[in-house]
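Here is a briefing on side-chain pairing and helix packing. Please keep the sequence and the 3D view open while you read.

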Amino acid sequence: MARGGGAGRTEDPVSLARGAADWLVVSRRAGAGDVSLYHGQAGIGLALLEAFEYFGDERHARAAAETAEELAASIEDLQDCSLYFGLAGVAVALGSLGRGDAAEHALDRVAARVDGRRWSPMFELFAGNAGIGLGALAAGDVDLAVTAVTPYLSTADRTEHGVNWAVRPSPARSHHMAHGTLGIVYALAAVGRAAGRADLVDLALAGAADVVARNEAGPDAFLVPHSDPPHRPELIERYSLGWCNGPAGDAQAFRLLAAVTGDPAWDDLVDRCWTTITRSGLPSRIRPGFWDNNGRCCGTAGVLALAGDRIVERGEGSDFAEVLLADLTARATIDEDGVRWSNHEHRATDPELAPHPGWAMGNAGILRELLRYARLVGGDFSGYATQWPDHPVAHHQVAATTPVGRVRGDRTGRVP
């Protein structure tokens, strides 16, 4: 077994992605029984589809088709309706995997389970209404999407600078994408634009204003605490940097607001998020617990997603993307079984966690970002084979001011 780019590997996104897909084909069943977008088969199926679209390998197509069958068979028994843990996410995956009939059935079950206002005690993107709205929108059901986000109109609480929402049964108000205000903002803006509902977009802007007013990093950067009052401070750090609860995700909400409103102030906030990220010290492990995750949710792959957006939209970000790629290479386990990543939990007795196939913390999420970046270094700005529900499409508007890089392997992952 080799680590850190061993066995003749280089810092090449194509080679890493090929190995990651090989490992995913044989290891995806490790999460059997979990069909979620977050950790389970829905996210894995979309990553396998991404791999097939890039490499044209029938093994990836067969594994994706088998995953779609498992997802379709789960619909009747799955009680959770959310985007990341339930039927809404399953519907998104099924639609992308060519099972539109099953996706429609999943959404019918979602629509039948709302209590008039919500689906669960959580009221945010991961497990609540905002995510269900985005899942319905991604699956083509605008009416269900509007049903999901309309309750935010009557439940918003006025703050000094805007609005926020009670997103969980405890008092804490969270501010970011996964569980907080910006995840709701994203859903309101996306659904409002699709449905022609100015009231939803206006509410999104009020929610974003509340978060922007909480910035503690000065006029040139952007960093907002996790939650106020602090939620579980004995476990959760006050500040994060990843997609779920930090500027890597905040920037995605601001990118969407820039696209919806045309206001350049949101682009400025994206720049400020990028400044915070690139000056933070990540992906180095500066101290225990600082940057221990390689994955898409709260790790390096989620930052690589934003770097890719900047390459497409601004013609910059490739230098930092290469830093992230080098770190993913260094932390990879590479052997005859393929490529995978182990996250690190410094508080555990055995801090090196087992590799996971899923989207949030494992190969599926990393694979998607490696393939997107591989396309970019090859001069292809078409993006992902399947767009994620809470990630705005990046539109290529400027020519890159510096080369993105050079793909050192071909599309099969072979290095010349």
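**Salt bridges, cysteines and helix packing**

The disulfide count comes to 0, with a disulfide taken as a pair of cysteine sulfur atoms within 2.5 Å. This is a predicted model, in which local features need pLDDT of at least 70 and side-chain atom pairs count only at pLDDT 80 or more, while totals for chains, interfaces and linings use all residues. Residues are numbered from 1 along each chain as its sequence is written, and side-chain values use heavy atoms, with hydrogens and water left out.

**Salt bridges**

- Glu69 forms a salt bridge with Arg99, and their closest N and O atoms are 2.8 Å apart.
- Glu69 lies in helix H3 (residues 58-74), and Arg99 sits in the loop between helix H4 (87-96) and helix H5 (100-112), so the pair ties together parts 30 residues apart in sequence. Helices (H or I, at least four residues) and strands (E, at least two) are DSSP runs, numbered from the N terminus.
- Glu69 is partly exposed at 46% relative accessibility. Arg99 is also partly exposed, with a relative accessible area of 21%. The classes are buried (under 20% relative accessible area), exposed (over 50%) and partly exposed (in between), with a 1.4 Å probe and protein chains only.
- Arg214 and Asp228 meet through their side chains in a salt bridge, at 3.5 Å from N to O.
- This pair links distant parts of the chain, 14 residues apart: Arg214 is in the loop between helix H10 (198-212) and strand E5 (227-228), and Asp228 is in strand E5.
- Arg214 counts as partly exposed at 24% relative accessibility, and Asp228 counts as partly exposed at 23%.
- Arg347 and Glu345 form a salt bridge at 2.8 Å, N to O. Glu345 is partly exposed, at 22% relative accessibility.
- A network of salt bridges links Asp267, Asp271, Arg310, Arg314 and Glu316.

**Cysteines**

- A disulfide is a covalent bond between the sulfur atoms of two cysteines.
- For Cys244, the closest cysteine sulfur is in Cys297, 4.0 Å away, which is too far for a bond.
- Cys244 is buried, with a relative accessible area of 10%.
- Cys81 is buried too, at 7%.

**Helix H9 against H10**

- The axes of helix H9 (residues 181-195) and H10 come within 8 Å and cross at roughly 155°. Axes are lines fitted to C-alpha atoms, for helices over the stretch in contact, and angles run from 0 to 180 degrees between N-to-C directions.
- H9 and H10 are therefore roughly antiparallel. Angles under 35 degrees count as roughly parallel, over 145 as roughly antiparallel, 65 to 115 as roughly perpendicular and the rest as oblique.
- H9 passes H10 in a left-handed crossing, meaning that the near helix is turned anticlockwise from the far one by less than a right angle.
- The contact (heavy atoms within 4.5 Å) includes Leu182, Val185 and Leu188 of H9 and Leu200, Leu203 and Val211 of H10.

**Helix H14 against H15**

- Helix H14 (residues 318-331) and helix H15 (residues 363-377) pack at about 135°, with their axes 12 Å apart.
- H14 and H15 are therefore oblique to each other.
- H14 passes H15 in a left-handed crossing.
- Ser318, Ala321, Glu322, Leu325 and Leu328 of H14 meet Ile366, Leu370, Tyr373 and Val377 of H15.

Notes:
Salt bridge = Lys/Arg side-chain N within 4 Å of Asp/Glu carboxyl O.
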